[in-house]
Amino acid sequence: MATGVYEASKKDGTTYYRANIHFRSKHISLGSFCTFEEAHAVYDQARTMLADRSAALPDAFFRYDRIPFEKTVILLNFRDNGMYLGTPIYLHSGRFFTYYLSPELELKFDNDDLFYYSGHKILKRGGHLYVNDYGMQVSLLSRYGIKNYAVAGIDYEFVNGDCHDFRYENIRNINPYYGVSRLDDNGRISYQTRIHINGNYQIGIYANETEAAIAYNKAVDLAKAAGINRNYPTNYITGLSARDYAEIYTHVKVSKSYREYLKHIK
C-alpha cells in the first residue's frame, strides 16, 4: 500500500481506504474513501500543498480540489500559523480569524472567539447560522445579545454592511430588549413597547429604552396576573439598583387599552 493510504474494513466487510499525512510531528487524517485511487490522490495533493509555500486561500481550494475544503483550511492554518484546529479556521494578523463555511463563503471573527469556534462547528440552514451547544441550536447572533426574532436593519445592523463580518466592532445591537423597538422620527428617538397576545398589543412609547424595557416587564406581570400562562422572557436591566428599578416600575405607564383588554381575558 502506498505511503499515506491504509486499507480498512467496515462492519459489513466492505473495504475502504483511509488517507493520512504526517506533518510537524502530527498524524493527520485526510478522510475515508471508497477507492485506493481517491485516497492516494488526496494524500498526494495534501503533501504537495503543504510543501508549496505559494499555496494560499482561497486559491488553494481550486488548485488542490481533491482535498475536502475544510481539511484544506485546517492544513494551511497549521502550516502557516502552527495551530492545528478541528474546524475550518484560518488565523490572520490583525486579531481576527476566518471561518470557512464553503470555498466561497467565509465569516470573520475576533480572536476572542477562537476558543469557542475551534470547538463548535458552524451550521447553516436557510439564512440561519447556528452551532449546536449542549444539545441546543444556538444562533451566532445570540453571542452579541441579539434576540432570535430580531430583524436586520431594525433590531441590529452590520456597521460596514458586510453580513459575514461578525467582529464585535461591526455589530450594533439597536434593540437589545424584549418587546422594545427603536423609533426614529427625523432624528427624534423614542422607544415603543409591545407584547404579543393573540396579536401585538402596544404598551406605550417611552423616552428611553430602560423605561421601555421595564414597561415590557410590567406588561408581562399584568398578563400573568390576568391568567395568561405563557413563558414570556423578561428584560434584565444592568446598571440599576433594585430601588431604582422599583421606582421606574411603579411609575412607568402601561396603555389603558392593554389594561382593558386584560380585564376581559377568560
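Which backbone oxygen does the side chain of asparagine 170 reach? I looked this up in what is a predicted model, and I found that the side chain reaches the backbone oxygen of aspartate 165, at 2.9 Å.

**Entry 1: around asparagine 170**

I placed asparagine 170 in the loop between strand 10 (156-158) and strand 11 (171-173). Leaving aside neighbours within four places in sequence, I listed Glu157, Phe158, Val159, Asn160, Asp162 and Asp165 as the residues in contact with asparagine 170. I also took the C-alpha to C-alpha distance from asparagine 170 to threonine 48, which is 38 Å in space for a separation of 122 residues in sequence.

**Entry 2: aromatic rings**

My search of the whole structure gave 15 aromatic pairs. In one of them, phenylalanine 61 and phenylalanine 69, the ring centres are 6.2 Å apart and the planes stand at 70 degrees, so I recorded the pair as edge-to-face, the cut-off for which is over 60 degrees. Of these two residues, phenylalanine 61 is buried at 7% relative accessible area, whereas phenylalanine 69, at 23%, counts as partly exposed.

For phenylalanine 109 and tyrosine 117 I noted ring centres 4.5 Å apart and planes at 35 degrees, so this pair is tilted. Phenylalanine 109 counts as buried at 0% relative accessibility, and tyrosine 117 is buried with a relative accessible area of 0%. Both residues belong to one aromatic cluster, whose members also include Phe97, Tyr116, Tyr144 and Phe158.

**Entry 3: charges over rings**

I found arginine 24 over the face of phenylalanine 78, at 5.9 Å from the ring centre. I likewise found the charged end of lysine 218 over the ring of tyrosine 249, at 5.6 Å from the centre of that ring.

**Entry 4: nonpolar cores**

The largest nonpolar core holds 26 residues, and I noted Ile21, Leu30, Met49, Leu57 and Leu75 as those touching the most other members. Two or more residues come from each of strand 2 (15-23), strand 3 (26-33), helix 1 (36-51), helix 2 (59-63) and helix 3 (69-81), and helix 1 gives the most, with six residues. For leucine 75 I listed contacts with Ile28, Leu30, Ala46, Met49 and Leu50, leaving aside its neighbours within four places in sequence. I also recorded a second, separate core of 24 residues, among them Tyr99, Tyr117, Leu141 and Tyr144.

Conventions: Residues numbered from 1 in each chain as written. Predicted model: local features only at pLDDT ≥ 70, side-chain atom pairs only at ≥ 80, totals over all residues. Heavy atoms only, no water. Phe/Tyr/Trp six-rings, centres within 6.5 Å; stacked < 30°, edge-to-face > 60°. Buried < 20%, exposed > 50% of the residue type's maximum accessible area, 1.4 Å probe, protein only. Lys NZ or Arg CZ within 6 Å of the ring centre and 35° of its normal. Helix = DSSP H or I, 4+ residues; strand = E, 2+ residues; numbered from the N terminus. Contact = heavy atoms within 4.5 Å. Polar contact = N/O pair within 3.5 Å; in protein donor to acceptor, adjacent residues only side chain to side chain. Core = buried A, V, L, I, M, F, W, Y, C linked by side-chain atoms within 4.5 Å.
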